[in-house]
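This report sets out how the parts of one chain pack together. It takes up the helices, the nonpolar cores and a few individual residues in turn.

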Amino acid sequence: GSSQLLQAMAAERQDLTAVILRRNFGQTAALAAGFENAAGELIVTMDADLQNDPSDIPMMVSRLEKEGVDVMCGWRRRRQDPGLRTLPSRAANALIRKVTQVNIHDTGCTLKVWKASLAKILKPIGETHRFLPAIAAMEGATISEVEVTHHPRAHGSSHYSSLGRVPRVLLDLLTLTLLKNFRDRPMHLFGGLAGASMVVAAAAAVAALGTVFQWLPWVGISGAMSQAAGALVLTLEMTVAALHFFGLGLIADLQARTFFEARRSPVYRIRNIVSSNRTSRIKDRFGKRF
């Protein structure tokens, strides 16, 4: 298999280091391990199924340096896979482009060239490998794409089910959208939900009062309250929900502050610092000192 071949090659070549995981942790974990242990200024990722063509790598590196971007993504425009895989993939790519506002056509193509200073801060988890360009964009990265060669699969079979992964992709996309918009200000999300709940509670309270005054002359206070019971219960439930949302927002805000402070990670990324008398403090695009 690939691990045995890599170990044999690494034993013979001083310029090659193989990182062998204890078991199959998934593609995202494999990329994270590669990013963490890779050396050099650029990192190239690609699958081992022989469908990507390594001869595209020099061209991609050249394009990355020429355009001055942080990530150069491969685009399998002429993808050599069955329609049952390509059609759902195209639909998913269109949805991801629309939601994330990262204008690349093939987020699922593993063949990419990364600037190491970017790749090493991404820390991908779960099954977020297909969203790495969007996550990189959240860190302020510049991204481009170029068409690459794609060969038919000659060996083995894919472990991915095109239809089976749809729910996971949608859930991951929802998570990414929430992180993109609210990761450093979760109170804006929960506060909005709390406000909406209070609006519903206020409307239900007005409806309850209207019902009470409408029925009071005919059935008395007990009967009127009985007629307004539904609206009164809704008022109470929405008020409690609003308090819960507000409390969750407060806790999430405190957790967000703790998260950034514990990692000593700022909520911004410096592209560069230009100053005639501060040359010793010039940084690269993602905060790591030269």
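Contact here means heavy atoms within 4.5 Å. Helices (H or I, at least four residues) and strands (E, at least two) are DSSP runs, numbered from the N terminus. The model is predicted: local features need pLDDT of at least 70, side-chain atom pairs count only at pLDDT 80 or more, and totals for chains, interfaces and linings use all residues. Residues are numbered from 1 along each chain as its sequence is written, and side-chain values use heavy atoms, with hydrogens and water left out.

**Helix α2 and the cores**

A residue is termed buried under 20% relative accessible area, exposed over 50%, and partly exposed in between (1.4 Å probe, protein chains only). In α2, the buried residues are Thr 28, Leu 31, Ala 32, Ala 33 and Phe 35. They pack against β1 (42-45), β3, α5 and α6.

A nonpolar core is a set of buried Ala, Val, Leu, Ile, Met, Phe, Trp, Tyr and Cys residues joined through side-chain atoms within 4.5 Å. The largest such core has 22 residues, of which Phe 35, Trp 114, Leu 118, Leu 122, Leu 132 and Ala 136 touch the most other members. Two or more residues of this core come from each of α2 (27-37), β2 (71-75), α5 (116-122), α6 (132-138) and α7 (166-182). A second, separate core has eleven residues, including Met 60, Leu 64, Cys 109 and Leu 111.

Which residues does Phe 35 contact, leaving aside its neighbours within four places in sequence? They are Ile 43, Thr 45, Trp 114, Ala 119, Lys 120, Leu 122, Pro 124 and Leu 132.

Glu 139 lies in the loop between α6 and β4 (143-147). With a relative accessibility of 10%, Glu 139 counts as buried. Its side chain makes a polar contact of 3.5 Å with that of Arg 183. A polar contact is a pair of N or O atoms within 3.5 Å; within protein, one must be able to donate a hydrogen and the other to accept it, and residues adjacent in sequence count only if both atoms are side-chain atoms.

**Helices α8 and α9**

Axes are lines fitted to C-alpha atoms, for helices over the stretch in contact, and angles run from 0 to 180 degrees between N-to-C directions. The axes of α8 (residues 186-227) and α9 (residues 229-262) come within 6 Å and cross at roughly 165°. Helix α8 is therefore roughly antiparallel to α9, a term for angles over 145 degrees.

Phe 213 belongs to helix α8 and is exposed, at 60% relative accessibility. Leu 6, in helix α1 (residues 2-12), is partly exposed at 36%. Beyond residues up to four places away in sequence, Leu 6 touches Leu 16 and Ala 18. Two C-alpha separations are tabulated below.

| Pair | Apart in sequence | C-alpha to C-alpha |
|---|---|---|
| Phe 213 and Leu 250 | 37 residues | 38 Å |
| Leu 6 and Asn 181 | 175 residues | 41 Å |

**Backbone at two loop residues**

Most residues other than glycine have a negative phi. Gln 101, which is not a glycine, has a positive phi of about 65°. Gln 101 is placed in the loop between α4 (83-100) and β3 (112-115) and is exposed, with a relative accessible area of 59%. Lys 123, also not a glycine, has a positive phi of about 50° and is found in the loop between α5 and α6.

Definitions and conventions:
Angles under 35 degrees count as roughly parallel, over 145 as roughly antiparallel, 65 to 115 as roughly perpendicular and the rest as oblique.
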